[in-house]
Amino acid sequence: MLVKLPGKTALIAAVSGRALAQAAMRAGYRPLVADFFCDLDTLAVSIRTARLPGGLHTGVDAANVPAALRQLADGEEVDCLVLGSGFERLTSLVDELARGFPLTGNVGTTIARIKDPQALAADCATLGIPHPAMRQDAPTDPENWLAKRAGGAGGTHVRDAAGSDPHDSYYYQQRLSGTPVSALFVADGRRAHVVGYSRQWQSPAPGAPYRYGGAVRLARFPRRDAKMIGAWLDGLVERSGLLGLCSADFLRANGRYTLLEINPRPGATLDLFDSGEAPLFEAHVNASRGEPFSLPRAEGSVASMIAYAPRPLSSLPVFHWPAWTADWQHAGSRLEAGDPVCTVFGEGRTAADARRNLSRNARLLECNWADDRP
């Protein structure tokens, strides 16, 4: 018989639910987690876990998710359902889940609106927010365009338009150059309350030249730029009705910012900004319900990156996971080339310090599987 622990119960579903589970625990919730990995550190903070139907290379199996979540939550009084990555293109599923559980965050119609390239472009035009040109038909100069899947996340869906086959779920976005900058914010349906800013980078791989690599929390950000971006996000939240933790991705070039997309869910930088004094999971829940919330204040910088398998690993060896890692996979796991192995962290007084420490930690960690052969 399961003995209930004190606290409210959070049902979490995502491609990887570890960060949300730890954030929920810091906010005093009892996490129930469905994801693709059931990593060791996810198990450590959850009262129960289950495999989310689907797979890393095939995506979420929408048809079987409702039954899996009902089984995971059986016997529990769920206070909130929080969805992470993997559901952006499954808006009908989001609304179906909201009929069975108290969904916290954005409903399917809101996600569909903010992830619709044409709707976002129209909102940006109305609000005066710089945004790349977009089109549905194949461009005559494909070298100047990217092909992106509507509702995609993580960068693995982005392709060079040149050589890409047209597909109904894809659109074309003008290719721009610049430094990627992301704003993490909590939306209350009227305003965007910015938590902080990060700089991201890519980890190119064969077939996935724009794959997400990592991010570093910026210890400083120009006040004038923050005020401008905050006003832009306020306008988008007011027009779309966004709720809860979200992020906005920009490119900065020649002192100007261009908005690329909005991610209407908790994302990859949650780890970099969360705090036990002002838990972001609590802010996500409270903002979604129209209740007061606090934002964390951070000093210094933290960086994180995904360590990907450089080649197939027949069996992940047994080793001690350092404290500066997360998403601990089970020993013996078989990984394909390009699969994520874990998340690595580095801290420092500045973003540059954090990146240096992150790189050192990544090199140390990779020695644990460098000699594995299929």
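Which residues lie nearest the centre of the second largest pocket? I began my notebook with that. This is a predicted model.

**Entry: the second largest pocket**

I looked up the lining and found 22 residues. Val194, Val195, Gly196, Tyr197 and Phe221 lie nearest the centre. I then looked for the elements that give two or more residues to this lining, and they are β13 (192-202) and α7 (223-240). Helix α7 gives the most, with six residues. I sorted the lining by class: 12 nonpolar, three polar and seven charged residues. The space in this pocket comes to about 540 Å³.

**Entry: the cavities**

Next I looked for cavities of 30 Å³ or more, and the structure holds two. I took the largest cavity, which has about 140 Å³ of space. Its lining has 16 residues. Leu83, Asn106, Ile111, Pro264 and Arg265 lie nearest the centre of this cavity. Strands β7 (103-104) and β15 (243-253) are the elements that give two or more residues to the lining. By class, I noted nine nonpolar, five polar and two charged residues there.

**Entry: α5 against α6**

How do α5 and α6 pack? I read an angle of about 70° between helix α5 (residues 108-115) and helix α6 (residues 117-127). Their axes are 5 Å apart. Angles of 65 to 115 degrees count as roughly perpendicular, so α5 is roughly perpendicular to α6. On the α5 side, Arg113, Ile114 and Lys115 make the contact. On the α6 side, I listed Pro117, Ala119, Leu120 and Asp123. The classes in this contact are four nonpolar, no polar and three charged residues.

Notes:
Residues are numbered from 1 along each chain as its sequence is written. This is a predicted model: local features need pLDDT of at least 70, side-chain atom pairs count only at pLDDT 80 or more; totals for chains, interfaces and linings use all residues. Side-chain values use heavy atoms; hydrogens and water are left out. On a 1 Å grid over the protein atoms alone, a cavity is a set of points where a 1.4 Å probe fits but cannot get out, and a pocket is an open set with protein on both sides within 12 Å along at least five of seven lines; lining residues have an atom within 4 Å of a point. Grid points are joined across faces, edges and corners, and a volume is the space filled by probe spheres set on the points. Helices (H or I, at least four residues) and strands (E, at least two) are DSSP runs, numbered from the N terminus. Ala, Val, Leu, Ile, Met, Phe, Trp, Tyr, Cys and Pro count as nonpolar, Asp, Glu, Lys and Arg as charged, and the others, Gly among them, as polar. Axes are lines fitted to C-alpha atoms, for helices over the stretch in contact, and angles run from 0 to 180 degrees between N-to-C directions. Angles under 35 degrees count as roughly parallel, over 145 as roughly antiparallel, 65 to 115 as roughly perpendicular and the rest as oblique. Contact means heavy atoms within 4.5 Å.
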